[in-house]
Amino acid sequence: MLTIPPSIVFKGYLFAVPALVLALSLPLFAFGGPVAAILAPIVSAVCYFTIRSLLSQISIVREEKCFLDEQLIQTQKLAAIGELSAGIAHEINNPLAIIAQEIEWARYQFDEERQTETSSAELKDSLNEIAVQVERCREITHKLLDFARKKDPLIQGVEINKLIEDMARLVEREATQKDIRIIRQYCGSLPPVHTDPPLLRQVILNLLNNATYAIGENGTIEIKTRILSGSFVELVVSDTGCGISKENLSKIFDPFFTTKPPGKGTGLGLSICHGIVVRLGGRFAVESELGKGTSFFVRIPIFYQSREVK
Amino acid sequence: MSARPRVLIVDDEERFRTTLRKLLTVREMEAADVGSAKDAFSEMEKNSYDVILLDVKMPEMNGIEALGRIKKEHPDVEVIILTGHASVDAAVEIMKLGGYEYLLKPCPIDELAGKIETAWERKIARAKRKTEGS
């Protein structure tokens, strides 16, 4: 990538180089006579104007670079919006298609000539299905709003192990019924972490839910915490589930990417979690092997530092 | 040749395909439904169909790949693509592969039924031309 040094460096050259030429010409002036005395200011002036011309050219290049950078950012933004809109359209159009058909079917059943016990049961079933699909749309739009909302985190000191344990217990009830065991390996000496507890809870719950889903039945979820280089804590959620293929691994944080059957997942969970972790000043990573399991690594700074996310 | 269109709906949204099957059946079409491209191939081996309604986004094999294979193995069958997400690239690919129509979900049932009818008529006309030619 082209990097241009700050203009102050060049402005320094503008005066320093002619001054150096003049300074070097002083001994010449003493011993070289009038020729050197005339040449020294001329060379200085040439240096001055050459550097000034270079400076103005650099300034033009800099402006062009800024313009191109802006254009690139704009293009990337448009591409992201395009991708997101396509995802939204797809996710909303599917439930809408079902709603439209159920209405058609209900209309058909509602026809007085066909009023039987079966048709009224079918009518009720259609109405229930419409409610299910409306709920599906609602979930998508609400998650989208969560995704778009960039609230500043509200920072509080929190015991990470306790926060994780609360979420683990919540998931454990359902997990036990599916023969899924949750193993805890909490680091005993974790300091209080200054972060946004509800946001972090959302991330942990999502990871534990995903792990349960990936296992299906009979497996293990391992939760580990540890300190990293004194300024970060790391949470690792590993499962013995189906794993993620290499092809899908690069897409799991993309909005609307899901391998779940239609209606079972919006594909927004992990992308929201990724956004939260980044907003909390942390990092999110994943390792997976198909058929063996997946590990998610969440690194959160012990002290949150507010930063502008562009 | 059947007196009414025989339609196979291929979509991984169970509720979508079952209600669509009922709606087409009351419009006097012979409709069946399956949840994946793989099941569609085995169903097409067992029974003969005039028009296939194919979803694009499906696990294992997507609708565009399935369209290619259907047109290769059953060139006379007309395929209508029904998708929740339309894109120009996909439409071009579908037309290249010999898809009859490309419709965006949600598609009004009357419009869809009309498209199935015209696809079926096209299939009949092609079969007639073949018979006359031989």
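## Chain B at a glance

Chain B holds five helices and five strands. The model you are looking at is a predicted one.

Chain B has 134 residues, of which 37% count as buried. Now consider its contacts between residues at least 6 apart in sequence: 60% of these join residues at least 24 apart.

## A helix with a buried face

Let us look at helix H3 of chain B, which covers residues 63–73. Its buried residues are B:Gly63, B:Ala66, B:Leu67 and B:Ile70. Viewed down the axis of H3(B), these buried residues fall within an arc of 105 degrees, so they line one face of the helix.

## Where the chains touch

The contact between the chains takes 17 residues from chain A and 17 residues from chain B. On the chain B side, helix H1 (residues 14–26) gives the most, with seven residues. The chain B residues that touch chain A divide into seven nonpolar, six charged and four polar.

## A closer look at B:Lys22

Helix H1 of chain B also contains B:Lys22. This residue counts as partly exposed because it has 18 C-beta neighbours inside 10 Å. B:Ala32 lies ten residues from B:Lys22 along the chain, and their C-alpha atoms are separated by 9.2 Å.

Notes:
Residues numbered from 1 in each chain as written. Chains lettered and ligands numbered in written order. Predicted model: local features only at pLDDT ≥ 70, side-chain atom pairs only at ≥ 80, totals over all residues. Buried ≥ 20, exposed ≤ 12 C-beta atoms within 10 Å, placed from the backbone. Helix = DSSP H or I, 4+ residues; strand = E, 2+ residues; numbered from the N terminus. Arc of directions from axis to C-beta. Contact = placed C-beta atoms within 7 Å. Nonpolar A, V, L, I, M, F, W, Y, C, P; charged D, E, K, R; others polar.
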